[in-house]
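Here are my notes on this model, point by point. Please read them with the structure open.

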Amino acid sequence: MKAKTISRVVFAALALMVLGACATPPPQPVGETAQAPDYRIGPGDGLRIHVRNNPDLSMSVPVRPDGNISIPLVEQMTAAGKNPIELADDLETALSAYIRDPLVTVIVTSFVGTYEDQVRVVGEAARPQSMPYRRGMTLLDVMINVGGLTQFAAGNRARLVREVSGEQKTYGLQLQGLLGGDIASNVAMQPGDVVIIPRTMF
């Protein structure tokens, strides 16, 4: 009988070890934010383009839904997916057919970003939405941006879906605790994160 009891204890311990090894680690806590990539321009962004010594070519333009922009002398230029320096280099190349040694500066004045650079919140948030990722963004920043939870939200059953090394992983979130002042429940966000807030069953 004693041998059977010991065997059961050993089996239970091994099972816990296996489950622990398979469990998904928690998201990074604040202060351990991964290095964010350069900002990539996306459809809907507003750009300020300055061409040195050419005020007629310097202007503010939107990035169209197809990801392109237009300025005088450049009928169409792909902007989406590039960072501002890459876009400026491409505009300089295009303008060099008309202007000697053009020098272009691109400044993003309003941010939307590519889909891969956005953070999305769906479900029982006051204002579910997509928002551009910002370097250093935390879960608390995201929840402030969406106006908190609805009265029907099951905040402590919320989930964070994140792509890690090409695989989607899911993490549990404690949103009610976080919004109640438990800063230990705050985590660093990453581009492409999706926060899913379910509805309470009561």
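1. Start with N68. Leaving aside neighbours within four places in sequence, N68 is in contact with P62, V63, Q76, M77, T78 and A79. Contact means heavy atoms within 4.5 Å. N68 lies in strand β3, residues 68-71. N68 is buried, at a relative accessible area of 7%. The classes are buried under 20%, exposed over 50% and partly exposed in between, with a 1.4 Å probe and protein chains only.

2. A word on the basis. This is a predicted model, where local features need pLDDT of at least 70 and side-chain atom pairs count only at pLDDT 80 or more, while totals for chains, interfaces and linings use all residues. Residues are numbered from 1 along each chain as its sequence is written, and side-chain values use heavy atoms, with hydrogens and water left out.

3. The three-stranded sheet. This open sheet runs β2-β1-β5, with antiparallel pairing. Its edge strands, β2 (59-62) and β5 (104-110), each pair on one side only. Strands are DSSP runs of E, at least two residues; helices are runs of H or I, at least four; both are numbered from the N terminus. Two strands pair if DSSP finds at least two bridges between them. The twist averages 30° from one strand to the next. Angles run from 0 to 180 degrees between N-to-C directions, on axes fitted to C-alpha atoms, for helices over the stretch in contact.

4. Inside that sheet. Six antiparallel bridges join β1 (residues 46-51) to β5. H50 has T105 in β5 as its bridge partner. Helix α2 (residues 84-95) packs on the sheet and touches β1 and β5. The direction of α2 makes about 135° with that of β5.

5. The five-stranded sheet. This one is also open, with the order β7-β6-β10-β8-β9 and mixed pairing. β7 (129-132) and β9 (167-172) stand at the edges with a single partner strand each, so one side of each has no neighbour in the sheet. Here the twist averages 20° from one strand to the next. β6 (residues 118-123) pairs with β7 in the antiparallel sense over four bridges. V119 stands opposite M131 in β7.

6. The largest pocket. Its space is about 160 Å³. A pocket is an open set of points on a 1 Å grid over the protein atoms alone, where a 1.4 Å probe fits, with protein on both sides within 12 Å along at least five of seven lines; lining residues have an atom within 4 Å of a point. Strand β8 (residues 159-164) gives the largest share of the lining, three residues. The lining includes E116, Q168 and D193.

Definitions and conventions
Points joined across faces, edges and corners; volume = space filled by probe spheres on them.
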